[in-house]
Amino acid sequence: LIQQAIASKGECNLVLATGASQFEMLKNLVSLDSNDWSKVTCYHLDEYIGLDDSHSASFVKYLRERFLNRLKVPPKRFHFVDGVNPGGAEGECLRLNRILKNAKIDVAFIGIGENGHMAFNDPPADFETEKPFIVVNLDEACRKQQFGEGRSEER
């Protein structure tokens, strides 16, 4: 799909998720030498509020270690979610929504969590919003589920 987007329009806009459901997908994706990553713009799907990219639970750190740092050629751009944006979570959502406003996503590799969540949109998710990025408040059950998800799998 990445190669098809590049062939048809000269570039690809790619969304990457994190979590246990993405371990094998990312491992296989970085092993594909056929993708011209210099023509790919990546978008990060979610992050915990208040975590900087050096924190062990940061999804920015996760994507750098499992994807970005393993590519032979870096992507054209990578739009990470900044968990410590000085404008706060709402400011970061505004920043990302502006970036995505004019981007047509070609490929999205997302997983479905153990409780049916995609990104931090745990059931019941807000299906009425038209904003690509929103602040999601996780209840205690969701936080526990996400903390335990994939614990038996290799990290």
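A residue is called buried at under 20% relative accessible area, exposed at over 50%, and partly exposed in between (1.4 Å probe, protein chains only). The model is predicted, so local features need pLDDT of at least 70 and side-chain atom pairs count only at pLDDT 80 or more, while totals for chains, interfaces and linings use all residues. Residues are numbered from 1 along each chain as its sequence is written, and side-chain values use heavy atoms, leaving out hydrogens and water.

**View 1. Cysteines without a partner.**
Searching the whole structure turns up zero disulfides (pairs of cysteine sulfur atoms within 2.5 Å). Take Cys-42: the nearest cysteine sulfur belongs to Cys-12 and is 8.1 Å away. Cys-42 counts as buried because its relative accessibility is 0%. Cys-93 is buried too, with a relative accessible area of 10%.

**View 2. A cluster of rings.**
Phe-23, Tyr-48, Phe-59 and Tyr-62 are linked into a cluster by ring pairs. Rings of Phe, Tyr and Trp (its six-membered ring) pair if their centres lie within 6.5 Å; planes under 30 degrees apart are stacked, over 60 edge-to-face, and the rest tilted. That rule gives six aromatic pairs.
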